[in-house]
Amino acid sequence: MELTTFDFETVIERHGTESAKWSRYAPDVMPMWVADMDFSPDPGIIAAIRDRLDHPMLGYGIPTDDLRSTLVSAMFRDYGWSIEPDALVFLPGVEPGFNMALRSFLAHGDGVVLETPVYKALLVAPEFCRLRRLDVPLQPDGHGRWRSEPARLEQAAARAKALLLCNPQNPTGRVMTRSEVECLADTCLRNNLVVISDEIHCGLTLDGREHVPIASLSREIGKKTITLMAASKTWNIAGLKAAFAIIPDGEMRSKFAAARAGMVDSVNILGLVAMKYAYANGEKWRKAVTLQLAENRDLLQSIVRRAMPEAGMIPAEGSYLGWADFGRYGLPAAPSKFFLENAKVALSDGAEFGAGYENWVRINFGCPPAMLRDCLDRMEKAINRQSPSAK
């Protein structure tokens, strides 16, 4: 796949475009925080939206049979996973989906297992339902991967009613291997857990890695699982607010749908158009962007290794989120605050992903390489001003 097919080099001006990413901080700050890439989407998606706008009416949208068929085909094409069209439940986002699932299948005081560090919205979701959060920390294994201890996971599962899974994992960039997913599924079946699986980054596995939806492993685990996916991260269209759940079991699907409870609305009609194009025709762009992201990841790793060698960092296996530890630098403030104030770079604070990660930051490297180099150059200079002998 030639990267020249699409433009991932041009830095696009986003100030004044109602962008949450670019509006949160002052104009001189480089925003590398929220999971929103600075690449323009697949041109075919933009064209599909323009075609839809040729019709002047923008009423409530409804998923068509054709869209359902497209997603059924995409699940089989990408993962060898056979699902029925009726298994699909459409949502305005993955975050409403996992909150709906917790409300549907758990009662106040029930336990929920999470592997940490993890995306803040997942981390706080059990609290909204007055559930007990059972954290199982991931640890670097010495071979460049973050894993949880099987014994600790088993202990937590024995006290829980559900697993709230994030795979590919945010913020570590970990992509679970098939054997890891199989072991996790066995643990959940052995302990009769409902599995709520956020797989929103699944289209962006790097270096040819395979994403394995946990529900695809067997009929047994599929009947216990709510899988949440969207085109939003893969094709960089998060603002269109369109996602879907895959729930093979009819009884679970009915309970899940009832949890809308007047709070979770229908899907944006333009989001449905974009979703259909992405899964039907967006494979060329997806492959190209994953190649660019792998190059960016390698660039990030090499610059950090050379310019900020005391920072601990493990290469991402999927998506566009770097996870870095600046604890050895002894900075005078949390790294996210330090780099915001001294480098004019906005990063996600590690403390948002769980207790014990206060010295970590999450770096969004889904951007033109020139932007990434600028960000890292600013960070290097700030480190050297703080500690001239850092290099």
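Student: At what angle do helix H4 and helix H5 pack, and how far apart are their axes?

Tutor: This is a predicted model, in which local features need pLDDT of at least 70 and side-chain atom pairs count only at pLDDT 80 or more, while totals for chains, interfaces and linings use all residues. Residues are numbered from 1 along each chain as its sequence is written, and side-chain values use heavy atoms, with hydrogens and water left out. Helices (H or I, at least four residues) and strands (E, at least two) are DSSP runs numbered from the N terminus; axes are lines fitted to C-alpha atoms, for helices over the stretch in contact, and angles run from 0 to 180 degrees between N-to-C directions. Here H4 (residues 94–105) and H5 (residues 120–128) pack at about 35 degrees, with axes 10 Å apart.

Student: Which residues of H4 and H5 meet?

Tutor: Contact means heavy atoms within 4.5 Å. Glu95, Phe98, Asn99, Leu102 and Arg103 of H4 meet Ala121, Leu122, Ala125, Pro126 and Phe128 of H5.

Student: How are H11 and H13 oriented relative to each other?

Tutor: Angles under 35 degrees count as roughly parallel, over 145 as roughly antiparallel, 65 to 115 as roughly perpendicular and the rest as oblique. The axes of H11 (residues 283–307) and H13 (residues 369–386) come within 11 Å and cross at roughly 20 degrees, and the two helices are therefore roughly parallel.

Student: What is the strand order in the open sheet?

Tutor: Two strands pair if DSSP finds at least two bridges between them. The seven strands run E2-E10-E9-E8-E7-E3-E4, with mixed pairing, and the edge strands are E2 (88–91) and E4 (132–137). Within this order, E9 (residues 225–229) and E10 (residues 243–246) pair in the antiparallel sense over three bridges.
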